Amino acid sequence: MKVGIIGAGNIGGNLTRRLTALGHEVSVANSRGPQTLTALAEETGATPVTASEAAKGAQVVVVTVPLKAVPDLPAGFLDGAAEGVAVIDTGNYYPQRDGRIAAIEDGLPESRWTEQRIGHPVIKAFNGTYAQDILDRGRPQGTPDRQALPVAGDDPAAKQAVRDLIDELGFDTVDGGGLDDSWRQQPGTPVYGNRGDADAITKGLAEASPERTAEFRA
């Protein structure tokens, strides 16, 4: 499968490593230009590209940049993607880094804010996952206590594509509901950073509060 990854930090870099190892065709971009991705490309076989090119022909696009950088993504960067492309948003709102975003402070789910900025539906996943776990904690399907990740979004086909990809990476998934429910997996909730199995993640989603904790408010 062709996958575009925009953002080559901890999550983006490790997804590049795992997805290329699984045989996917990965294009990866960052804000500094493809010439800065030579080492990652040589390590993984991924193709370094500009952010404008990353989604070209891609069936899955991963947007894994700081929230403050989302409005700076190139206009129309998804125009060349495959029909029905699933766009994964891994982002979190950290006011200390991103500055105050009034709509999110007022209760808009973080991924809904990102969706509005890029003009395309997104699936929220990997936002509460430790980057190193992507490399180290994947297990075959059916393994007892296999780690599970919550996945939220409005497009059933795109959500299923993302869940299938996460399963291939070695993790179970739990349906986190529509994107308006994705606050249940934002920073400060019981599933954020939770390495539990599907039962633990289901329980954590149910116990989440819509009130942002003080640590994650401006």
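Let's start at the second largest pocket of this predicted model, where the lining residues divide into 8 nonpolar, 6 polar and 6 charged. The space in this pocket comes to about 260 Å³. Its lining has 20 residues, and if you want to find the centre, look for Gln 186, Ser 209, Pro 210, Glu 211 and Arg 212, which are the closest to it.

Now move over to the largest pocket, which holds about 660 Å³ of space. Here 32 residues form the lining, and Gly 7, Gly 9, Thr 64, Val 65 and Pro 66 are the ones nearest the centre. Sorted by class, that lining has 15 nonpolar, 14 polar and 3 charged residues. Which element gives the most to the lining of the largest pocket? That would be helix α1, with 3 residues.

Is α1 mostly covered or mostly open? Mostly covered: 9 of the 12 residues are buried. The buried ones are Ile 11, Gly 12, Gly 13, Asn 14, Leu 15, Thr 16, Arg 18, Leu 19 and Thr 20. As for what they pack against, the partners are the strands β1 (2-6), β2 (25-29) and β4 (60-63), along with the helices α2 (38-44), α6 (131-136) and α7 (156-169). Follow the chain just past the end of α1 and you come to Gly 23, with a positive phi of about 95°.

Two other residues with a positive phi are worth a stop. Most residues other than glycine have a negative phi. Phe 126 is not a glycine, yet its phi is positive, at about 70°. You'll find Phe 126 in the loop between β6 (123-124) and α6. Phe 126 counts as buried because its relative accessibility is 4%, against a cut-off of under 20%. At the loop between α6 and β7 sits Asp 145, another residue other than glycine with a positive phi, this one near 60°. Is Asp 145 buried or exposed? Its relative accessibility is 64%, so Asp 145 counts as exposed; the cut-off for that is over 50%.

A search of the whole structure turns up 1 cavity of 30 Å³ or more, and the largest cavity has a volume of about 70 Å³. Of the elements around it, β7 gives the most to the lining, with 3 residues. The lining has 13 residues, with Gly 128, Thr 129, Ala 148, Val 191 and Asn 194 nearest the centre. By class, the residues lining this cavity divide into 6 nonpolar, 5 polar and 2 charged.

Finally, step back to the whole chain. Its secondary structure comes to 8 helices and 8 strands. The radius of gyration is 16 Å, close to the 17 Å that the globule rule gives for 218 residues, so the chain is as compact as a globular protein of that length. Along the principal axes, the C-alpha atoms fill a box of roughly 45 × 40 × 30 Å. Of the 218 residues, 51% are buried. And what about contacts along the sequence? Among those between residues at least 6 apart, 69% join residues at least 24 apart.

Conventions: Residues numbered from 1 in each chain as written. Predicted model: local features only at pLDDT ≥ 70, side-chain atom pairs only at ≥ 80, totals over all residues. Heavy atoms only, no water. Buried < 20%, exposed > 50% of the residue type's maximum accessible area, 1.4 Å probe, protein only. Helix = DSSP H or I, 4+ residues; strand = E, 2+ residues; numbered from the N terminus. Contact = heavy atoms within 4.5 Å. 1 Å grid on protein atoms, 1.4 Å probe; cavity = no way out; pocket = protein on both sides within 12 Å on 5 of 7 lines; lining within 4 Å. Points joined across faces, edges and corners; volume = space filled by probe spheres on them. Nonpolar A, V, L, I, M, F, W, Y, C, P; charged D, E, K, R; others polar. Rg over C-alpha atoms; globule rule 2.2 N^0.38 Å.
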